[in-house]
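This report covers helix packing, strand pairing and disulfide bonding in the structure shown below.

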Amino acid sequence: MEKEKKLPFQNPELSFEERADDLIARLGLEEKISQMTHFSPAILRLGIPAYTWWNECLHGVARAGVATVFPQAIGLAAAWNAPLIQKVADAISEEARAKHHEAARRGDRGIYKGINFWSPNINIFRDPRWGRGQETYGEDPFLAGRIGAAFVKGLQGEHPRYLKCAATPKHFAVHSGPELLRHKFNAVVSQQDLRETYLPAFRECVVEAKAESVMGAYNRTNGEPCCASPTLLIQILRKEWGFKGHVVSDCDAICDIHANHKVADTRQESAALAVKNGCDLNCGETYSSLLDAIREGLITEKEIDAALKNILLTRFRLGLLDPPDIVPYSAVPFEKCDCEEHRDLARQAARESIVLLKNYRNLLPLSKNLKTIAVIGPNADDRGVLLGNYNGTPSQSVTVLEGIRRKLPDARIFYAPGCPLEELNERGHVGTFTRGFAEALACAERAEAVIMVLGLNSFFEGEEGDGSLSPAGGDRVNLNLPGKQQELLEAVCATGKPVVLALMSGSALAVNWAQERVPAILQAWYPGEEGGTAVADAIFGDYNPAGRLPVTFYKSLDQLPPFEDYAMNGEKGRTYRYMKEEPLYPFGFGLSYTRFEYSALRLSAKKLRAGEPLEISANVKNIGSRAGDEVAQLYLSYPKEIAYAPLRQLRGFMRFHLNPGESRRIAFTLAPEQMTLFDREGKVALAFGEYQIFVGGSQPDERSAALGGANVLAEQFEIVP
């Protein structure tokens, strides 16, 4: 220690600002720079412990041993339940605190042991080919913003002084593939798309939820490297949104500035450019060149100090430089990790994420009195497919096969994988790709009903380098079931037995044949450690599924523009907001075992002046015979004269439970800013004219109605000068 007496930066009675300034004043230049990479070494003379910033908790504490594994992020979004996601994030933060303090007491300050997290991923899932879309909250900016803000709030806690954990929404901004191009790609977007599609979820997380950190993306946006973008990091994030936390680069993204984007010539130039333009912390080691950058006159020590202060303030806000006994979160017991309470929450989240896509003649729920069931498919008994990516390790997990066996302990359960997910090259031997079909068909023929579990896994879709079965570096090249799964499905259906198809994937599948010929279809995503329990609960009626799609399911790639095209309203419109063709399953769609009826839609006014809010209310009644959740959705359409406006936009949603015969009056407030658009130059525009409000259990489109979605009510109002 420099002195025995307490130094100002060690004094908890001073403000964090004062303490950070004092600490910076005591550091040498090399010490300052050492704290600006993802591993910040100890400064022993001042009693500053080492800290590793690299940490992940996308859907549970990741890569740090045993932890509760919740459904993958896309599944959490499918629950359309922001309060639930806040509870999930709070549970994650408890396990994170417990793990961190236990490790710190034992001197372990290595990777994945910190309490800042590089989560959530709130990029817009604009194209189903993107392998990392599974990490997001879907294609809609409003849904992603509400779910993302709830996650940030749950992770960071509500203490007036200390953060429970620090959340890091990523990847800022305009980032969603292709994975193979991400280190050199320039995402070109209009100012309208930037403001209406790619930024709103980040704004929600920063302005409303007060996210402590933001991670920059690998790519360029409109020519500027995202991790050195004055537009994104200074003008928008700091000046417009008032962001007070720190910005971290994606891993080795600073190196990309000179090595791949060719915006700088040297490491020193890249490092200086990033710091000067608002990137405080480097995941990587390019910032080790900052000393040379200062010598070359590329950056000043004062600019280094400003970035370092942002980083240190986060450490102070987390209580990392205070005695543990005055930081309330340091008392979270280790027993919170992998506890039964969190397992129950994982089960609830998995149930709420399930989307019922088809239920012809009410085949589901299946009777528990069945004596013979066939469970067929490569994902039926695969523990890995439960987890998605960026996952922790559950102490126990339940596959779909195990969930069904537990549900029907007295029934005979026939099981066969049927085929692998991938097509194996086995020297051309006849029948090798379908060698499991005979066993699968034998099982099906002996069963009263068949449950098929097909789809993808994280080897087919994921981050660059992770998707080992992806020919496109983690991205998908088509929307089909891979391998021989389609042929297996057709062969089993040909037996004439009733078939339930459970799909497990992190993205949309073009299951057109199944929609036409399979009587019941569920989308279960990558459902986490309790996924098998949740799927069995839904299939056999112990849970009434009510999830909604957070993405559009397309019929084929023909309905999509080129993957590299980031424009939303091009020749082929992207996502439900601009797509004019009929999808396979629409965004916001999902069925139930009961029926809900909407009525008595009321608006607080039929004419509004600019700046006035609109109150909307309606009745919802469960007119079926089963209790269940409903997800009410509010959409807004703009005056037809606005050529650049989306067809419709989600502007509100709520999930609630109704017993048979029970009614509820629901209410939404449409804020003035929700009625505005951005013009092509990115300026706020309010159009006078007729708007339309839609309230119902799905989108107001013909496809939702044709698939059996709840009725949607419509009403017009006018904005006048």
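## Helices α14 and α18

The crossing of α14 and α18 is right-handed. The model described here is predicted. Helix α14 spans residues 400-407 and helix α18 spans residues 531-539; their axes come within 7 Å and cross at roughly 55 degrees.

On the α14 side, the residues in contact are V400, G403, I404 and K407. They meet G532, T533, V535, A536 and D537 of α18. Sorted by class, this contact has 4 nonpolar, 3 polar and 2 charged residues.

## Helices α5 and α7

A further helix pair is formed by α5 (residues 141-156) and α7 (residues 200-208), which pack with their axes 8 Å apart and at an angle of about 30 degrees. Because angles under 35 degrees count as roughly parallel, α5 and α7 are described as roughly parallel to each other. The crossing of α5 past α7 is right-handed.

From α5, the contact draws on P141, A144, G145, R146, G148, A149, V152 and K153. From α7, the residues are P200, A201, E204, C205 and E208. By class, the contact of α5 with α7 comprises 7 nonpolar, 2 polar and 4 charged residues.

## The sheet of β3, β5 and β6

The model contains an open sheet of 3 strands in the order β3-β5-β6, and the pairing is mixed. The edge strands are β3, at residues 186-187, and β6, at residues 224-225, each of which pairs on one side only.

Strand β5 covers residues 220-221 and runs antiparallel to β6, to which 2 bridges join it. Within this pairing, R220 stands opposite P225 of β6.

## The disulfide

How many disulfides does the structure hold? There is 1, formed by C251 and C283, with the sulfur atoms 2.1 Å apart. The link between C251 and C283 is right-handed, with 85 degrees about the S-S bond.

This pair links distant parts of the chain, the two cysteines being 32 residues apart. C251 lies in the loop between β7 (246-248) and α9 (253-259). C283 lies in the loop between α10 (267-276) and α11 (290-295).

How values were computed
Residues are numbered from 1 along each chain as its sequence is written. This is a predicted model: local features need pLDDT of at least 70, side-chain atom pairs count only at pLDDT 80 or more; totals for chains, interfaces and linings use all residues. Side-chain values use heavy atoms; hydrogens and water are left out. Axes are lines fitted to C-alpha atoms, for helices over the stretch in contact, and angles run from 0 to 180 degrees between N-to-C directions. Helices (H or I, at least four residues) and strands (E, at least two) are DSSP runs, numbered from the N terminus. A crossing is left-handed if the near helix is turned anticlockwise from the far one by less than a right angle, and right-handed if clockwise. Contact means heavy atoms within 4.5 Å. Ala, Val, Leu, Ile, Met, Phe, Trp, Tyr, Cys and Pro count as nonpolar, Asp, Glu, Lys and Arg as charged, and the others, Gly among them, as polar. Two strands pair if DSSP finds at least two bridges between them. Angles under 35 degrees count as roughly parallel, over 145 as roughly antiparallel, 65 to 115 as roughly perpendicular and the rest as oblique. A disulfide is a pair of cysteine sulfur atoms within 2.5 Å.
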